[in-house]
Amino acid sequence: MAQPDNKKFFENLTGAGKAIAVLTSGGDAQGMNAAVRAVVRMGIYVGAKVYFIHEGYQGMVDGGDNIKEATWESVSSMLQVGGTVIGSARCKEFRTHEGRLKAAHNLVQRGITNLCVIGGDGSLTGANLFREEWSGLLAELVQQGLIEEDAVQRYSALHIVGMVGSIDNDFCGTDMTIGTDSALHRIIEVVDAIMTTAQSHQRTFVLEVMGRHCGYLALVSALACGADWVLIPEMPPEDGWEEKMCEKLSANRAGMKRLNIIIVAEGAIDRNNKPITTEHVKDLVVRHLGFDTRVTILGHVQRGGTPSAFDRILASRMGVEAVLALLETTANTAACVVSLCGNQAVRLPLMECVQMTQEVQKAMDEKKFEEAVRLRGRSFENNLRTYKLLAHRKPESELPQSNFNVAVLNVGAPAAGMNAAVRSAVRVGISEGHKMFAINDGFEGFYKGQIREIKWGDVGGWTGQGGSLLGTKRTLPAKHVDKIAEQMRKYNINALLVIGGFEAYLGIMELLAARGTYDELCVPMVMVPATVSNNVPGSDLSIGADTALNAITDTCDRIKQSASGTKRRVFIIETMGGYCGYLASVGGLAAGADAAYIYEEPFDIRDLQSNVEHLTEKMKTSIQRGLVLRNENSNENYTTDFIYQLYSEEGRGVFDCRKNVLGHMQQGGAPSPFDRNFGTKISAKAMQWISKKLKESYRQDEGRVFANTEDSACLLGMRRRALVFQPVVQLKEETDFVHRIPKEQWWLKLRPLMKILAKYKTSYDVSDSGQLEHVVCNRTKESDTSSAI
């Protein structure tokens, strides 16, 4: 397959002669195995020796069989396994000087001077102390006659790279830690299940989620399920919160809501740093309101289960980045943490992150709660602000009176998360003082007049609903512009929010083109991308793509498991996406695929033959299963049937084949936590932009809104690290209209990573690889709404 013209390749970095050890320490987190797999395979790929250290620091101290050389095959079939297969343990001995001396001796005996540590801030702080003491420890070992003097020269420096594995997402400097997204999946699965039984009996449920010092899981799960109340350690409720909470619950019941959900972080406190327990909250509700109230403590369920697609991709990218960071270290390089900010790899000084994490706790201890929230970062702040905006309705008397009418509609194919985006838009719009209108069935419903006012209570419970409750069609507006203008005049619509895929993008362009003819279309318009294909220009991510990726990953896991214990088998799986290969490529990375065929990277019969030969060689080892993904429109001649028949024929006698077309199951199901929150926050930001534009474009003398500049019709998209409003006119140059894809797509850089982890020789562009940044600087750059929920 043709390689892109990259500027800098990792082939210039060699691991020959280097020994890398990987360990997991502290609490386990889903996705740790994906990180271990990536470190082992990338390390072996660049020519380094890679070792497992079993049982964390305890294994490093004990030595012996706890430190074993890893092979390529030893990390097969671990991508989808939760927890950590190399074990994790808390080690008191490593905290002592004697323990670290033993650990240093065990590493030197094997020539290991590069450590990949996957754990929380305690584990990473311990690794940094070990690094700082390294030369002194070696000198002691020489004095004791345990190592030769020349070993001190050979192994003079210990290099440390950390990856944060913690479901709490409590480490400053990173958008997301390994395991957090999977923990959110577990929480949301439970909440969704509880909501059905609570609704049946008109019950109130109080749920306790993990987070002793960090309220991230509680806050984001509250945002994702539309909880009535949330209690977190960073922002304790104001005095008198008990009465306010009971008033809110009572008002919701009066508004025909049959259930209440209250989410409590295990470390929740009041303003006097006194713990708030689930039992205390339950007693309050029963005593004041007499509601039938139950408590559910999720506990270690949150740590268990298979990792989500997001965590697998995050951990795989971070594992590869960690090896690259170790290859580039010198004796003077500070210990660093690798992570992702937006969709970019970053490297941050380990101790700067640790210090800022400790500052959060210090601020909480000193009751500087606003400071604690600020230190958590822009993403946390924005989550909290958005939750308050959507969960707590202001009285009518306190709302600003804008006298503007704003309409919201879904366009294109349904995507999970669309309903969360509509709910967010409606509630933010009402909070801004607008009258909100819902348009059913996209532009088709628009010209037919299927328009109604939508109120705050109408969108209750929408966040967890899949599909599109407003209804959505692919119809474009060009042929019906006159009728649409008529409806806008009839309902006096002053602004439009369009949530959808490529059809929504084309639709906004067509309305924009008709502005010269119809003044009614001279209003602010904004599009929020929502499509499983993730093919909208101007945005790296679309609402619905994460849910589709999880559907693909879960199905691939099951399909691979179906061959467990049988003869060698290769599965050919077809994914959706039109001409966009995002689902096939990123789904392939998350599922551990051997190949992914896409339109953007042309392939021919020689490539297919090469892949078959590669799989044949692979099947001669202990690896029994192969996985090949194909995007539905990757090639008009090399169809899924053709590839299946080719593989079946060429693999005869070595492996047999099965094929699966995943179809519309990728569009269905409840939205993932990521899509619920991404939809909620991006839609809230879009509505705030509409409010601003309405004020700017209101003509006092004419008593109407008039907006006909380029920047009054925008697409709000995620670009690298930030949410950006881009005039749709300016996106024309970036669009391949024939194939309905952007001309440049960031995720193509991940494809070599998938090939490397499947043992193909390839070029991997590291020109965009993480550069060492400072955590304070990183915070100022961080987006208002990070891609990482």
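This briefing covers the overall build of the protein and then one of its helices, α7. The model is a predicted one, in which local features need pLDDT of at least 70, side-chain atom pairs count only at pLDDT 80 or more, and totals for chains, interfaces and linings use all residues. Residues are numbered from 1 along each chain as its sequence is written, and side-chain values use heavy atoms, with hydrogens and water left out.

**Overall build**
- The protein has 24 helices and 27 strands, where helices (H or I, at least four residues) and strands (E, at least two) are DSSP runs numbered from the N terminus.
- Its radius of gyration, taken over C-alpha atoms, is 27 Å, close to the 28 Å that the globule rule gives for 789 residues, so the protein is as compact as a globular protein of that length; the rule is 2.2 Å times the number of residues to the power 0.38.
- Along the principal axes, the C-alpha atoms fill a box of roughly 90 × 70 × 50 Å.

**Burial and contacts**
- Of the 789 residues, 63% are buried, meaning under 20% relative accessible area with a 1.4 Å probe, protein chains only.
- Among contacts (heavy atoms within 4.5 Å) with a separation of 6 or more, 79% are between residues 24 or more positions apart.

**Helix α7**
- Helix α7, which spans residues 216-225, is mostly covered, with 10 of its 10 residues buried, including Tyr216, Leu219 and Cys225.
- The buried residues of α7 pack against α6 (180-201), β6 (204-209), β7 (229-231), β8 (260-265), α13 (378-391) and α22 (673-697).
- Just after α7, glycine 226 takes a positive phi of about 70°.

Notes:
Buried < 20%, exposed > 50% of the residue type's maximum accessible area, 1.4 Å probe, protein only.
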